[in-house]
Amino acid sequence: MPPSKDRLHGTLDALVLKTLTFGPRHGYAIVRWLREQTHDALSVEEGSVYPALYRMERDGWIESDWGTSELGRKAKFYQITDKGRRQLRAETKEFATFVQAVAPLLLPA
Amino acid sequence: MSRRPRWPRLWRASVEDEVESELAFHLEMTTRELMEQGMSLTNARTEAERRFGDSAAINAECRRYGAERDRRAVRAEYLDELRQDATFAIRQLLRARGFTIVAVLTLALGIGATAAVFSALDAVALRPLPYANADRIVVVHPTRKGEPTDPSPPEYLGYQAVPAFDRVAAAVLQAGITLRLGDVPEMIGGGHVTADYFAVFGAHPLLGRTFTADEDSPGRANVAVISYRLWMSHFNGDRAAVGRTVEIDGTPHTILGVMPKAFDLTSGSEDIWTPIAFSSDDATKYGEHYLKVYARLRPGVTLEQARAATIPAERAVAERIPQHTLKLTEYGADVHRYRDDLVGAYQSLLLVLLGAVSFVLLIACGNVANLLLARASARTKELAIRAALGAGRGRIVRQLLTESLVLAVTGALAGLAVAYGLLRVILAVSPEDIPRLDQATIDWRVLAFTLGTGMVSAVFFGLLPAVRAARPQLQQTLREGGRGSLTRDRLRPVLVAAEVALAITLLVASGLLIRSAWKMQHVDPGFDPRGVLTARLFLPEAHYPTPATIINGFSAIRDEAARIPGVSSAALTSVVPLSGSSMQSSVEAEGRPIDDKSPQANLRFASSGYFATMRIPFIAGRDIATSDNAGAPGVMVINEALARMLWPESDPREAIGRNIAGVAPKNGPKYRSVVGVVANIHDGALSEKPAPEFYIPYTQTPELIWPLIQRSLVVVVRGPSTKGAAEALARPLGRAVARVDASLPLTEAKSLDQFMRASLATARMNTVLLSLLGGIALVLAMVGIYGVVSYFVNQHVHEIGVRLALGATPGLIWGFVMRRGLLPIIAGLAVGITLSLLTTSLIRQQLFGVTAHDPLTLGGVGSLLLVIAVLAMYVPARRAMRVPPIIALNES
């Protein structure tokens, strides 16, 4: 897998995990939150968040449970685990290193 | 109650539904949001789907991850439970220390004994021989009217043309070779082999090379290959041994190579190999059957095909024989696997042991199952509460089985110590010539077998009690206050009956084999072995070229040996009785037409005084005399069995003066006259009937026989009959031989008692090991019976109390307990005796002097078990008699 894709993967994972640090959310809420916070800058397909969610659940970074949404509908809520928090810290650190290395090249002062 | 993941997991039974509804929810929410912004339903729906992306691919990916997630969850939960169960089991077992110790010891005995026997069987029979393509190596030999015989040189040459074999080798093994490294010559076990011998076995030398076909010819054959053992013992493993010149049988030979350690199969296998070097004369020596022929099957050729291909080759050779004594169709040949030839007999011996030992293991399992049942009864309340709290039946069974597994693994580990000890015993008491038995150790294979046996036993002894204990009888159990119900008692007597049946079967088989061994040990061999020492001497051709020189040499040695202080008589013979070797010849009484079957008899060359030295009594006539020399008329001494075979209608004493043809000298008179008749002896084995035999003066040995017996005879000397006296004569005998010819080596001198012991080795091994296993089985059965009766008394304390309070005498109570205890034992006895009648036919071949249905053994074993059973019941029955009646009032 080329590193750029890895980077993208890792960033998406980190963003989702970050979202969940504010409390349990369902998939739609996560997508909406990402869209609002990045002012639509992250033009990923909305659906691609779901495989990431299932994968992270498989790896034990997040857990899910069925609950009731604001509108009274049954929805699947995700929650970050301790393992997920550790992963988020590692991912953030890696991202920072990446930015530190790349920023001086792309953004000359 | 049920834990949180219980219902989600139920729901998650379908990942498909989960993904489907989650994605649908997302699309619905997006559509709703877009409609709020003013889009129409259709437009909003299309826009939502566009933003979502490739929903089929996303769906598939989610399902894949979801399925993986569920699998991981199940596995994690399972492992977690297993760990929990194991920890719990260990805690429980540590709490019930008495139970645990008894159960582990019982299992250690059963599993350890099985592992030890497996280790021996593995080393001898299961492990492949250390040769490349070992299953293709075969032994080929001719048959005459279906009876096997050894191949002659022309037959060996004939087998070489058989296309089923890709290599064929001939060998004379177990030959005495005189090796001289320094001043003192030494007798070494060796073989004369053809160049292909090593290639047939696919064996490559560790150092140097083996000899070539060129070197395997007369005049060029002064080369030798040595064994790893000899290389170590005589050359200290020095690589310079290759290329050294040593004196072998009086002539210098060059050592070409050293064979690897794996080529030493038994402690008595060959230590040195020299070329057999057939001459062109050998190609027509049809009557000299002294070879062993080994061959390698071509790949894909079966034994049957090889057999079928060898018979025509055999008949082609037979057709060239100048004078036929048999019809051509009576010449045949047989081929069998080398492996079966080597270990076949020992394999069945070890399989009998493995059978015996697995009975011990089953009895041990029965005991532990009984212990577990008792324990489960005591734990009914605990288990009922667990079930009431929601533990499923499967869950409880699994937990109890984990407990059994922990017990079994602990038992197996402790069993390794038992296995180690028992293996020492097996090695100490087994016959010396069992190939590779000395290589038996507790290695990883045995370790794996032991642990495997442990696991299987755990299921055996643990499953039934576990399933039983997990049977939900909540209400009843809780109501009874954990005393357990009476209906549950049925399984325990059945287990005891089964144990008794197994023990009986094992003890009957052991009893029969032990009685056979005892009878064999008390067979009168027909000679008096006490105080007699024997040593075979080989006279090298270089110094003893003619029959006259050989005879003079042996005569001088005998006279010198007779002069040794303490020796009352000395004599010569060609074969020692019970040594495992023999020589046969056909015999024919004068004036009797030979019918179809020309009779065979064992043959010995002997000196005067042989019968006196061996203390074989004369029935009629005289001993071989010094005057019966090469120039005198041919004579022989026969035994009673031969007299009866040749002249069944007359008294053996009347054989004196009659003439018999047998081992006639070339160009000499055909008949020898009988001058003496002696009593029978056991020659081949103590378990065999005495064979017909005849003795010829060694001074009248036909010239062509001397090379066949390698110019060798055995000196026998009789010393005092006290213990160790014979062995003490070894050094004086060596000095006496050296006084005659200092260049002669003495083979290891062996007393007749040693030959007797070796011949009884298998019987002794049976006795020791089966007594040991039978003893273990008895103790285990006793413990089992005690456990059940004692449990019965505990369970019925209340009832006994009531009976006593109502006026029952202690005698009645005693009877009550004994009746209940004896019932399963009687049932087990009946089943066991029936079972023995079936199984003992499997060991019929190993029995001697007893029938497979020997009533004495059956009766003896039955009574022994009854006595043991009554002893085991005595303590709990006494306790029952002393129950204070007041107990009836308590505990209700």
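This is a predicted model: local features need pLDDT of at least 70, side-chain atom pairs count only at pLDDT 80 or more; totals for chains, interfaces and linings use all residues.
Four bridges join β4(B) to strand β9 (residues 272–275) of chain B, and these two strands run parallel. One of its contacts can be named: B:Gly190 has B:Ile272 as its bridge partner in β9(B).

Strand β4 of chain B, residues 185–193, also pairs with strand β3 of chain B, residues 165–180. Here the sense is antiparallel, and eight bridges hold the count. The two strands form a hairpin, with four residues between them. Within this pair, B:Leu179 stands opposite B:Glu186 of β4(B). So much can be read directly off β4(B): a parallel partner in β9(B) and an antiparallel partner in β3(B).

Follow the chain on from β9(B). The loop between β9 and β10 (292–297) of chain B holds B:Ala277. Its backbone is worth a look. Phi of B:Ala277 is near 50 degrees, a positive value in a residue other than glycine.

A second residue with positive phi is B:Arg711. Its phi is about 50 degrees, although it is not a glycine. B:Arg711 is found in the loop between α19 (705–708) and β22 (712–718) of chain B. B:Arg711 counts as buried because it has 23 C-beta neighbours inside 10 Å.

Now step back to the domains. The assignment for chain B gives domain 1 (6–83), domain 2 (146–325) and domain 3 (544–742). The C-alpha centres of domain 1 and domain 2 of chain B lie 79 Å apart.

Next comes B:Lys145. This residue is found in the loop between β1 (137–144) and β2 (147–148) of chain B. B:Lys145 counts as partly exposed, because it has 13 C-beta neighbours inside 10 Å, and a residue is exposed only at 12 or fewer. How many residues along the chain separate B:Lys145 from B:Leu326? They are 181 residues apart, yet their C-alpha atoms are separated by 8.7 Å.

Further along chain B is helix α25, residues 810–839. The helix has 30 residues and reaches 42 Å from its first C-alpha to its last. That is close to the 44 Å expected at 1.5 Å a residue. There is a bend, however. α25(B) bends by about 30 degrees at B:Leu822, and a proline, B:Pro824, follows within four residues.

B:Pro824 is also among the buried residues of α25(B). Others in that set include B:Ile813, B:Phe816, B:Val817 and B:Ile825. What do the buried residues of α25(B) pack against? Their partners are α15 (491–521), α23 (761–795), α24 (797–805) and α26 (855–881) of chain B.

Chain B also meets chain A. In this contact, 18 residues of chain B touch 16 residues of chain A. On the chain B side, α2 (15–36), α3 (41–52) and α4 (55–95) each supply at least two residues. Which of the elements of chain B gives the most? It is α4(B), with nine residues. By type, the residues on the chain B side divide into eight nonpolar, four polar and six charged.

Turn finally to chain A. Three of its strands form an open sheet in the order β1-β3-β2, with antiparallel pairing. The edge strands are β1 (25–26) and β2 (62–68) of chain A, and each pairs on one side only. β1(A) and strand β3 (residues 74–80) of chain A pair over two bridges. In that pair, A:His26 stands opposite A:Phe77 of β3(A).

Chain A also has helix α4, residues 82–106, and A:Leu88 sits in this helix. A:Leu88 counts as buried because it has 20 C-beta neighbours inside 10 Å. Leaving aside residues up to four places away in sequence, A:Leu88 touches A:Ala14, A:Leu17 and A:Lys18. A:Ala103 lies 15 residues from A:Leu88 along the chain, and the C-alpha atoms of the two are separated by 21 Å.

Definitions and conventions. Residues are numbered from 1 along each chain as its sequence is written. Chains are lettered from A and ligands numbered from 1 in the order in which they are written. Two residues are in contact if their C-beta atoms, placed from the backbone, lie within 7 Å. Ala, Val, Leu, Ile, Met, Phe, Trp, Tyr, Cys and Pro count as nonpolar, Asp, Glu, Lys and Arg as charged, and the others, Gly among them, as polar. Domain bounds come from an automatic or database domain assignment. Two strands pair if DSSP finds at least two bridges between them. The expected span of a helix is 1.5 Å times one less than its number of residues. The bend at a residue is the angle between axes fitted to the seven residues ending there and the seven starting there.
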